[in-house]
There are 2 protein chains.
Amino acid sequence: MTSRDPENPVRDLNTLRPARKSPFEVRNPCAACEVRDLSLCSVLSDSEIKDLVEIVTELELKAHDPVMDEGEPADSLFNVTGGTVKLYKLLPDGRRQITGFLFEGDFLGIAMNDTYACSAEAVGNVRLCRFPRRKLEGLLDKFPRLEKRLLSMASNELAQAQDQMLLLGRKTAREKLCSFLLSLSRRAALRGFDPAVVNVPMSRNDIGDFLGLTTETVSRTFTNLKRDGIIQQLEGGKVRILQPDDLQDLADGA
Amino acid sequence: MTSRDPENPVRDLNTLRPARKSPFEVRNPCAACEVRDLSLCSVLSDSEIKDLVEIVTELELKAHDPVMDEGEPADSLFNVTGGTVKLYKLLPDGRRQITGFLFEGDFLGIAMNDTYACSAEAVGNVRLCRFPRRKLEGLLDKFPRLEKRLLSMASNELAQAQDQMLLLGRKTAREKLCSFLLSLSRRAALRGFDPAVVNVPMSRNDIGDFLGLTTETVSRTFTNLKRDGIIQQLEGGKVRILQPDDLQDLADGA
DNA sequence: CGGATATTTGACGAATCTCAATAGGCGTGG
DNA sequence: CCACGCCTATTGAGATTCGTCAAATATCCG
């Protein structure tokens with residue numbers, strides 16, 4: 001499948017689904033959730049998930065709206081149900097490192113004990129499910145599977161973080177950008193979209209702050225990849241991957 | 001306290017404790033474990049910990065002995081009880097990124113699902129507790145606190161990983177090295193050692209691969225910090241921090 | 001003591017950053 | 001509908017940090 005929603009055939013990771021409205025969905029929004037099987041919630045049955053509905057609040061954000069601030073008490077956890085969120089840390093002089101991008105289905109809040117370890121804000125329009133931390137912890141005790149699921153998600157995130165360290169510490173600008181495009185492609189494929197046409201909803205500046213590069217270097221490197229026929233830039237910030245195998249080879253310097 | 005073991009007053013993070021031998025320790029080694037309160041095991045009572053003893057194997061390794069290999073089935077998890085272990089990932093052409101150093105009390109194996117996400121090897125002499133993964137997972141069901149503890153440890157590791165991304169992507173060589181020394185100092189302090197005299201058991205090359213620098217740059221940067229009176233090099237790979245506040249300021253570019 | 005390995009230092013080069021200018025895209029309002 | 005202005009992206013030229021290559025020195029260990 002390339003699109004999981006027959007009513008929105010052209011939707012992609014950039015586009016928010018229309019807000020849900022049907023009577024069933026109002027009664028039990030999580031049961032009808034499109035990203036449910038991608039997320040935390042996948043381990044709960046329809047009946048169990050009602051406990052989740054009890055504690056959840058839905059939020060809609062616009063570009064640059066803050067989600068959380070590093071160092072603040074970690075009172076809420078979130079599930080992204082639409083749009084893109086960026087996580088970042090700042091140095092005192094304003095240098096920024098984006099530590100991750102979250103897409104629909106991604107969970108936000110594993111990396112915190114009492115306070116948030118990083119800040120987060122919406123890249124474009126975003127829809128979130130918000131869980132009060134205390135109440136979610138209560139559910140963890142009630143449903144041990146939820147806790148196992150969180151641990152497994154944390155494990156995945158750690159593996160991803162290690163990949164990103166390898167990228168930041170040891171890859172060239174070109175390798176970094178290729179790795180980035182590949183990871184976007186893989187994540188889109190997981191969600192049922194065409195892996196050859198990647199959405200890049202974030203700015204060059206955000207990409208730079210994610211890859212440890214400047215805006216200018218990101219832009220130049222994009223130009224080089226186009227010139228070499230590896231990718232093609234489409235309208236709306238989309239990128240077509242022309243040579244997936246070459247891209248893969250370039251991504252880890254093979 | 002600057003040393004937790006009156007029988008080994010000069011011991012530090014470089015030195016392995018002598019192997020345990022007393023009758024009590026043979027019967028219940030975990031109960032007498034010196035690093036117990038630092039680790040996973042801290043949440044188990046003396047009686048509960050007997051279940052852990054049932055499944056644990058102790059290992060001793062020498063420098064460069066492998067602990068695990070990226071991509072291999074993750075059948076064992078480990079607890080470091082002495083010495084230093086490095087975690088790393090490789091690129092096909094041999095470039096290496098060290099993703100972390102583990103000291104006594106640190107747990108090894110959170111970041112894996114079915115296969116190891118990175119390789120690990122001993123930096124010097126190392127003592128490990130090895131847990132078969134299947135059996136440890138059994139204990140997780142028996143002692144939910146153990147699972148909570150793992151989740152909290154994973155959360156800490158993720159926060160650390162994000163700090164490291166900030167370092168790799170946005171800090172200068174000098175800032176990187178200062179951050180590194182500070183983190184060693186903090187971890188030594190946690191274990192009851194003098195935070196002003198830091199052990200640096202790993203090679204310049206390892207430090208470089210951890211900080212995204214070359215050996216030469218690490219060496220030059222050390223020289224600069226000495227020249228500026230921030231640190232002093234002592235024998236045996238130890239470093240004295242002369243100006244902790246300056247070091248802190250240098251570490252995040254303030 | 002001696003070979004091997006690790007560290008330090010130097011000279012040079014290259015990848016990336018900085019600064020600056022131009023071009024493009026998008027929304028607003030005339 | 002077009003014009004303007006703002007913001008982002010691209011491109012260029014020069015500067016800088018850090019990497020590479022090479023040699024000298026120090027350290028470790030048998």
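1. DNA strand C. In this predicted model, 15 residues surround DNA strand C, where a residue is near a molecule or strand if its C-beta atom, placed from the backbone, lies within 6 Å of it. The closest are A:T172 and A:T217 from chain A, with B:R204, B:S219 and B:T223 from chain B. The most is given by α7(B), with 6 residues. By class, the surface near DNA strand C holds 3 nonpolar, 8 polar and 4 charged residues. Ala, Val, Leu, Ile, Met, Phe, Trp, Tyr, Cys and Pro count as nonpolar, Asp, Glu, Lys and Arg as charged, and the others, Gly among them, as polar.

2. DNA strand D. Around DNA strand D there are 15 residues, the closest being A:R204, A:S219, A:T223, B:T172 and B:T217. Here α7(A) supplies the largest share of the surface, 6 residues. The classes are 3 nonpolar, 8 polar and 4 charged residues.

3. Relation of the chains. The same surface serves both copies, as 100% of the contact residues of chain B recur in chain A; two residues are in contact if their C-beta atoms, placed from the backbone, lie within 7 Å.

4. Chain contact. Chain B and chain A contribute 36 residues each. On the side of chain B that touches chain A, β5 (96–102) and α4 (144–170) of chain B give two or more residues, and α4(B) gives the most, with 19 residues. That side has 18 nonpolar, 11 polar and 7 charged residues.

5. Basis of the model. Residues are numbered from 1 along each chain as its sequence is written, while chains are lettered from A and ligands numbered from 1 in the order in which they are written. For this predicted model, local features need pLDDT of at least 70 and side-chain atom pairs count only at pLDDT 80 or more, whereas totals for chains, interfaces and linings use all residues.

Methods
Helix = DSSP H or I, 4+ residues; strand = E, 2+ residues; numbered from the N terminus.
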